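Visitor: I have a structure open and would like to go through it with you. Could we start with how the strands are connected?
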Amino acid sequence: MRVAKEDLTKLIQTKLHRAGLTEEHAGIVADVLVFADAKGIHSHGAMRVEYYAERIAKKGITHNPEFRLEKTGPCTAIFHGDNGSGHVAAKLAMDEAIKIAKENGVAVVGMKKVSHSGAISYFTEMAAQNDLVGFSVCQSDPMVVPFGGAEPYYGTNPLAFAAPGNDGKMISFDMATTVQAWGKILHARSKHESIPDTWAVDENGEATTDPHKVRALLPISGPKGYGLMMMVDVLSGILLGLPFGNKVSSMYNDLSEGRDLGQLHIVINPDAFSSVQMFKDNITQTMKDLNGIKPAKGFDKVLYPGQNYDAVAEEYEENGIEIVDDIYNYLVSDVIHNDAYDHQDAFVD
Ligand code: NAI
């Protein structure tokens, strides 16, 4: 099913508003989800709406949160999220980080007590659109085997980075520290597809290609990915005095409770180090350099991070965004949610 970007945004906004979010907050969440779908990152797009709608309806996401910004220094602040929508909190916190970095050269803004915020490059790209470098990390529920371990401890703990070039172009790097994001397993389930045997393990800790049998995910590159997910948890959890490691709340444990998650934005103004124009010229040059590197066998071209989404984004812009039929049917229906997620074992579907 193909849906025009504006229509998909409106459908998601309407559903989340009917679930209980204010129209404004529902619009922001819809924007973040469609940002992901429009690039082909379907794991963090419309397929999450029913889960959010259920959590909102059960008040596990505060409908009208009392957001509060606490300045803790010239360059630092804490954004208190009141367990409102993570997408909205992370966007507003990035607005503040951009202001601080414009004035003071750098900003570090931590978010306390937020809910899931989706594809976090949405927020780092906001910084790049303002001629700043953006970096963001956030916690996610424990479902990853640490290197050498047989039980989950960390989450898929993503990190994102964006740097502006000229003509509105940017490098945008955004990844889960697992071989694949959990949403990619969900997407494979929804499309009834198998997964590569390098993504996850089954109940015996053995590699599986069946997304329905997944019981834990694997970190990227063994101990190195494990170290990165540890770093993300320290910066977005321990640093902010929040639950950390396997104490981080589950996405599905109790949908009437707030998730108390943490996220951290770091924004750097290139003017504090060289000049914005020189920085943008050199980012543009590095993008060209990368595109000019001789491709290895099996590759047409070396792409810079984020460029891999361009072809899909252009095609979707022309022909509409591809949405799984079941998800579209849910979006256009009167159903708010089907009570499908509460107290679900994340791994069992
Ligand atoms: P991915 O593996 O699809 O891509 C990772 C990075 O590699 C991207 O920056 C992409 O542009 C780059 N890349 C991929 N192919 C490339 C190529 N051929 N050439 C150059 N660069 C290339 O992303 P992943 O790890 O599956 O994450 C998907 C999304 O899930 C992200 O937006 C992330 O923020 C989100 N996520 C959110 C979580 C949350 O709790 N909020 C938890 C985990 C992930």
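Guide: A hairpin joins E2 to E3 through four residues. Please keep in mind that this is a predicted model.

Visitor: In which sense do E2 and E3 run, and how many bridges join them?

Guide: Strand E2, residues 68–71, and E3 run antiparallel, and four bridges join them. Within this pair, Glu-70 stands opposite Ile-78 in E3.

Visitor: Is E3 mostly covered or mostly open?

Guide: Strand E3, residues 76–80, is mostly covered, as four of its five residues are buried.

Visitor: And what about Arg-68: where is it found, and how accessible is it?

Guide: Arg-68 is found in strand E2. Its relative accessibility is 47%, so Arg-68 counts as partly exposed, since the term applies between 20% and 50%.

Visitor: What lies in the loop between E3 and H4?

Guide: Asp-82 lies in that loop. Asp-82 has a positive phi of about 50 degrees although it is not a glycine. Most residues other than glycine have a negative phi. With a relative accessible area of 35%, Asp-82 is partly exposed.

Visitor: Which strands make up the open sheet, and in what order?

Guide: The open sheet has seven strands in the order E2-E3-E4-E10-E5-E6-E7, and the pairing is mixed. E2 and strand E7, residues 170–175, stand at the edges; each has a single partner strand, so one side of each is left without a neighbour in the sheet. From one strand to the next, the twist averages 15 degrees.

Visitor: How do E5 and E6 pair?

Guide: Strand E5, residues 133–138, and strand E6, residues 159–164, pair in the antiparallel sense over four bridges. Here Phe-135 stands opposite Phe-161 in E6.

Visitor: How many bridges are there between E6 and E7?

Guide: There are six bridges, and E6 and E7 also pair in the antiparallel sense. Ala-160 has Asp-174 in E7 as its bridge partner. The two strands form a hairpin with five residues between them, and Asp-167 in the turn has a positive phi of about 60 degrees.

Visitor: Changing topic: how many cavities of 30 Å³ or more does a search of the whole structure find?

Guide: The search finds one cavity of 30 Å³ or more. The largest cavity has a volume of about 40 Å³.

Visitor: Which residues line the largest cavity?

Guide: Its lining consists of Val-114, Ser-115, His-116, Ser-117, Cys-138, Gln-139, Leu-261, Gly-262 and Gln-263. The largest share of the lining, three residues, comes from strand E10, residues 261–268.

Visitor: How does that lining divide into nonpolar, polar and charged residues?

Guide: The lining of the largest cavity has three nonpolar residues, six polar and no charged.

Visitor: One last residue. Where is His-343, and is it buried or exposed?

Guide: His-343 is in the segment after helix H10, residues 325–332. At 55% relative accessibility, His-343 counts as exposed. Its phi is near 55 degrees, a positive value in a residue other than glycine.

Conventions: Residues numbered from 1 in each chain as written. Predicted model: local features only at pLDDT ≥ 70, side-chain atom pairs only at ≥ 80, totals over all residues. Heavy atoms only, no water. Buried < 20%, exposed > 50% of the residue type's maximum accessible area, 1.4 Å probe, protein only. Pairing = 2+ DSSP bridges. 1 Å grid on protein atoms, 1.4 Å probe; cavity = no way out; pocket = protein on both sides within 12 Å on 5 of 7 lines; lining within 4 Å. Points joined across faces, edges and corners; volume = space filled by probe spheres on them. Nonpolar A, V, L, I, M, F, W, Y, C, P; charged D, E, K, R; others polar. Axes fitted to C-alpha atoms, helices over the stretch in contact; angles between N-to-C directions.
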